[in-house]
Amino acid sequence: MHGVPVRGPAPRPCESCPYRRDVPSGIWAHEEYAKLIRYDDPTGVQPSGLFQCHQTDGGSAARRVCAGWAGCHGPELLAPRTALAFGRIDADTFAEIVNYQSPVPLFDSGMQAAQHGQANITRPDDNAQRQIDKITRTRGDLTPGVPPPAPTPATRSETTGRRDVDPAGA
């Protein structure tokens, strides 16, 4: 296998997984939610890269496939097939991905998950903000983004998906 191996999905999707029905809206950046939709495409035209859990840094030895992604899309995914063919995952990890069954309710598609996630992206509630803060502390590869030129009291960083508060409190 090449580089740091990617592990199979966790036993349950993480508490901030964009595919979970019980996760508050607005945790991730718009472009992160947009990625989910592409895995609804027919298998042959889907992205070929594995969708990793947002809880770990991309190059971390702890990185793993997103459990929500595996549970939502499962056997229809192109990425695990490509990863297996190129030695990025082994046969056991492939089987874990395509046979994964989530113990918590997930959205039926990437489109549903994205629509839910983007619904309150400019005004995440307190529960969403707690999730954002936790992720920002956990992920070493996230850095605060530069707020837009005319920020509103609660805006989202396009770089990290983190909510930034206007220091003036406007």
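Visitor: How far apart are the end C-alpha atoms of helix α6, and what should its residues span?
Guide: Helix α6 covers residues 126-138, and at 1.5 Å a residue its 13 residues should span 18 Å. The end C-alpha atoms are 18 Å apart, which agrees. Keep in mind that this is a predicted model.

Visitor: OK, which residues in α6 are buried?
Guide: Those would be Ala128, Gln129, Gln131, Ile132 and Ile135. Looking down the axis of α6, its buried residues fall within an arc of 160°, so they line one face of the helix.

Visitor: Why do residues three or four places apart point the same way in an α-helix?
Guide: An α-helix has 3.6 residues a turn, so residues with that spacing point the same way.

Visitor: And what's exposed on the other side of α6?
Guide: Asp126, Arg130 and Arg137 are exposed there.

Visitor: Which side chain reaches a backbone nitrogen at the start of α6?
Guide: That's Asp125: one of its side-chain oxygens comes to within 3.1 Å of the backbone nitrogen of Asn127.

Visitor: Let's switch to Asp90. Where does Asp90 sit?
Guide: Asp90 is in the loop between α3 (79-85) and α4 (91-98). A polar atom of the Asp90 side chain lies 3.2 Å from the backbone nitrogen of Asp92.

Visitor: Now Asp40. Where is that one found?
Guide: Look in the loop between α1 (30-37) and α2 (67-73). Asp40 is partly exposed, because its relative accessibility is 32%.

Visitor: What does Asp40 touch, leaving out residues up to four places away in sequence?
Guide: Asp40 touches His73, Ser109, Gly110 and Met111.

Visitor: Zooming out, how many helices and strands does the chain have?
Guide: Six helices and two strands. From the N terminus on, the order is α-α-α-α-α-α-β-β.

Visitor: What share of the chain is buried?
Guide: Buried residues make up 46% of the 170 residues. As for surface, the chain exposes about 8,600 Å², and carbon and sulfur atoms supply 54% of that.

Visitor: Last one: what share of contacts with a separation of 6 or more comes from residues 24 or more positions apart?
Guide: Such residues account for 70% of those contacts in the chain.

Terms used. Residues numbered from 1 in each chain as written. Predicted model: local features only at pLDDT ≥ 70, side-chain atom pairs only at ≥ 80, totals over all residues. Heavy atoms only, no water. Helix = DSSP H or I, 4+ residues; strand = E, 2+ residues; numbered from the N terminus. Buried < 20%, exposed > 50% of the residue type's maximum accessible area, 1.4 Å probe, protein only. Contact = heavy atoms within 4.5 Å. Areas by Shrake-Rupley, 256 points an atom, 1.4 Å probe, with all protein chains shown as cover. Expected span 1.5 Å × (residues − 1). Arc of directions from axis to C-beta. Polar contact = N/O pair within 3.5 Å; in protein donor to acceptor, adjacent residues only side chain to side chain.
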